[in-house]
Amino acid sequence: GTSALARVLSMLGCDLPATLMMPNETNSNGHWESDALRAFNDEVLASAGSDWADWTAFDSRWYQSPVAARFQDRIAGLLEQEYGNSPLFVLKDPRNCRLGRLWIDGLRQVGVEPLVVMPVRNPLEVADSLAVRNAMDRASTVLLWLRHVLDAEAASRGVRRVTCSYSQLLENWGGLARRLEEELGLAWPRMSAITAQEVEAFISSDARHERRSEDAILDNPLMSDWVRDTYAILMRWARDCEDPAD
């Protein structure tokens with residue numbers, strides 16, 4: 001769902017990166033993310049002994065290591081390379097969930113205000129997708145989903161943000177766009193009838209290969225309480241608003 005959301009945001013007026021990752025057989029509509037930033041994030045993860053499929057916590061001691069400053073110093077150049085002097089751009093890479101601290105600090109250091117949109121998708125749909133694409137087992141993929149959403153939520157506390165669901169994007173993108181405007185303090189540059197036609201055409205072509213109900217998670221006695229509770233909270237945030245007690 002992150003790819004579809006990034007594309008819709010670009011249609012509403014957010015600039016995309018210069019070096020877009022190419023579509024492939026598992027995402028024919030495109031990823032709408034920077035291949036250069038993806039490669040950078042892979043370098044960061046590797047320098048900490050991790051990778052994109054690691055469901056364990058990113059070692060917080062890495063930020064005190066001698067290599068951390070070297071990576072932090074490269075962010076300004078990468079942003080210039082990918083976005084130039086854009087006043088409004090979309091930066092999407094699922095790895096940023098685990099590297100939120102690095103990127104939020106990096107954006108602020110170059111004078112960019114980060115605004116966070118957290119799209120939530122049913123973890124069983126994610127598991128089904130990764131089983132097809134990467135032959136990963138369900139237990140590992142559900143843990144990977146849990147790690148990403150927990151780390152993204154924790155890293156973005158105190159940042160202006162909105163939680164939404166993939167279904168909200170597909171079923172009522174206009175309502176979601178208005179909500180993002182209101183809660184993020186934005187005005188979309190390309191909100192028009194022509195844009196609406198473009199978004200509708202894109203949304204109708206977005207292939208949602210995996211579909212699972214919320215009950216498949218929430219009423220599943222074989223699913224960990226960690227996953228069920230987290231999913232229930234995030235979906236409640238997507239429908240209503242955040243509750244600090246959660």
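Asp 35, Arg 38, Asp 42, Asp 93 and Arg 95 are linked in a network of salt bridges. By salt bridge I mean a side-chain nitrogen of Lys or Arg within 4 Å of a carboxyl oxygen of Asp or Glu. The count under that rule is 17.

A word on the source. This is a predicted model, where local features need pLDDT of at least 70 and side-chain atom pairs count only at pLDDT 80 or more, while totals for chains, interfaces and linings use all residues. Residues are numbered from 1 along each chain as its sequence is written, and side-chain values use heavy atoms, with hydrogens and water left out.

Glu 43 and Arg 74 form a salt bridge at 3.1 Å, N to O. This pair links distant parts of the chain, with Glu 43 in helix H2 (residues 35-47) and Arg 74 in helix H3 (residues 68-83), 31 residues apart. Helices here are DSSP runs of H or I, at least four residues, numbered from the N terminus.

How exposed are they? Glu 43 is partly exposed at 37% relative accessibility, and Arg 74 is partly exposed at 32%. Buried means under 20% relative accessible area, exposed over 50%, and partly exposed in between, with a 1.4 Å probe and protein chains only.

Next, Asp 151 meets Arg 147, at 3.1 Å, N to O. The two are 4 residues apart in helix H6 (residues 138-155), so about one helical turn separates them. Asp 151 is buried at 17%; Arg 147 is partly exposed at 21%.

Last, Arg 157 and Glu 153 pair at 2.8 Å, N to O. Arg 157 is exposed at 57%, whereas Glu 153 is buried at 11%.
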